[in-house]
Amino acid sequence: MKHNRVFHTTRLRLAGLYAGTMGFILTLCAVGFYEAMAYSHVSELNHRIESVAGTLHDGLEASLQQPGKLEPIVQEFIPSLCIARTTCAYKSTATHYLGVFQEYGYYIRFVTLSGQLLASAGEIPTDLPVRVETEPWQTLEAPDRTRYKQLSLLLKTANQDAWGYMQVGRSLSDIDGHMVWVRLILLIGLPTAMLLVAIASWWLAGQAMLPVYRSYRQMQQFTADAAHELRTPLATIRANLESTLTPDATDADAWDTLRTVERQNGRLSRLVHDLLVLSRVDLQGLPAKQESCNLNDLVNDLVEEFSALAIASNISLTADIQTNTPITVFGSEEQLYRLVANLITNAIQYTPASGQVIVHLKRDDHHALIQVQDTGIGIPSKEQARIFDRFYRVNSDRSRHTGGAGLGLAIAQAIAKAHQGTIQVKSELGKGSTFTVQLPLRKDK
Ligand code: ADP
């Protein structure tokens with residue numbers, strides 16, 4: 001296939017399309033997976049921050065009196081609270097709903113309305129910028145590039161005056177670290193998967209195109225063989241005409257040429273007819289008109305028809321019908337006639353004088369069996385698989401002299417296939433051949 005440009009390019013294009021489509025789907029899946037993972041991490045974190053901030057907000061608000069002033073009760077709520085501009089050691093909180101501060105990276109800050117830090121607790125770098133925004137959720141970045149997710153809630157005094165902000169947040173460093181790993185795995189995994197997909201696509205495209213390529217090769221071979229077969233008689237006719245169309249050609253020469261032209265014309269007609277039959281059976285299978293065919297009558301008729309040819313070749317041709325009841329199949333009588341006729345013609349042609357040809361007809365439970373048995377020259381076992389190929393002749397010179405263009409068995413096989421049947425050969429060199437045609441019996445018989 002790689003030597004044929006059209007097939008090679010088509011295979012490349014097909015593989016490219018497969019790989020492109022699969023690559024697109026894989027990338028979509030990878031991006032979707034990454035986004036879903038990031039979303040689930042962040043939404044879980046938001047949920048936890050929200051629940052802690054909500055509880056603190058409800059507990060603290062009632063005890064706040066003066067805007068921007070931290071009441072001592074706040075420190076009771078959060079024992080580890082460190083008042084701004086004082087030095088504090090980190091103390092673990094005892095209150096159960098603040099247990100989250102004992103976990104990695106959480107912090108709480110109290111900020112005035114103008115953005116001045118009042119106090120903080122938990123793991124918070126001193127240089128984390130303080131921002132006061134109307135949006136409740138913020139993402140902050142510390143100078144060391146660690147990101148923090150923060151929720152700012154406005155606190156009110158008992159008189160409903162704005163007190164300041166409570167900011168609850170957490171470091172995103174572990175989530176960011178995790179997502180860096182996921183990104184890395186996807187960045188390495190995706191191209192590797194794409195490479196494997198590309199290799200698989202190339203192989204799959206090759207497999208998908210193989211039957212098309214085979215039939216294309218067969219067609220090419222068929223066209224070349226047909227052209228070759230047509231060329232030979234045409235060249236003979238031309239050579240004869242050229243030698244006759246000279247001033248010194250006699251009447252006898254002209255008659256000789258005409259006889260040659262007639263012979264070659266017959267050969268050409270047979271060949272064209274065979275090609276037409278073959279292409280018709282190939283294209284349509286069975287003709288539109290199908291009928292019930294009585295094989296007993298068909299075999300008897302054929303043996304009768306070919307008896308003159310058999311006598312002329314000094315060969316005994318007989319029918320052996322091993323049943324009293326008619327054996328019937330469904331199909332085209334004309335095509336079946338042609339099938340068996342081709343086998344009988346071959347049997348007579350490839351059997352020397354004094355030989356014997358017997359046409360057996362029998363049946364098993366589901367099939368009709370027609371066997372054409374001869375005591376002829378036989379077919380070498382290595383050739384037996386190829387004799388059904390179009391234009392194939394076992395020994396070109398011998399068969400050209402005796403037989404046709406090598407289409408007889410190809411036509412027989414095409415007809416058998418069109419009738420859901422098979423054709424097989426058993427042969428021994430020098431002893432004879434038996435061709436067996438198996439056809440499905442008519443269902444209601
Ligand atoms: P052809 O028109 O040359 O006979 P076929 O397709 O009918 O072509 O047969 C293919 C080849 O098979 C023949 O060339 C011949 O060599 C071989 N063959 C077919 N039938 C027989 C037979 N009964 N005995 C020996 N050889 C046979």
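The chain has a radius of gyration of 47 Å, whereas a compact globule of 445 residues would have one near 22 Å (taken over C-alpha atoms; the globule rule is 2.2 Å times the number of residues to the power 0.38). The model is predicted: local features need pLDDT of at least 70, side-chain atom pairs count only at pLDDT 80 or more, and totals for chains, interfaces and linings use all residues. Residues are numbered from 1 along each chain as its sequence is written, and side-chain values use heavy atoms, without hydrogens and water.

Along the principal axes, the C-alpha atoms fill a box of roughly 135 × 65 × 40 Å. The chain is divided into domain 1 (64-171) and domain 2 (289-440), with bounds from an automatic or database domain assignment. Their centres, taken over C-alpha atoms, are 101 Å apart.

The chain contains eight helices and 13 strands (DSSP runs numbered from the N terminus: H or I, at least four residues, for helices; E, at least two, for strands). Of the 445 residues, 38% are buried (under 20% relative accessible area, 1.4 Å probe, protein chains only). Among contacts with a separation of 6 or more, 66% join residues 24 or more positions apart (contact means heavy atoms within 4.5 Å).

α3 (173-244), α4 (251-284) and α8 (408-418) each supply at least two residues to the lining of the second largest pocket (an open set of points on a 1 Å grid over the protein atoms alone, where a 1.4 Å probe fits, with protein on both sides within 12 Å along at least five of seven lines; lining residues have an atom within 4 Å of a point). The largest share, 10 residues, comes from α3. Of the 24 lining residues, Gln218, Phe222, Phe388, Asp389 and Arg390 lie nearest the pocket centre.

How values were computed
Buried < 20%, exposed > 50% of the residue type's maximum accessible area, 1.4 Å probe, protein only.
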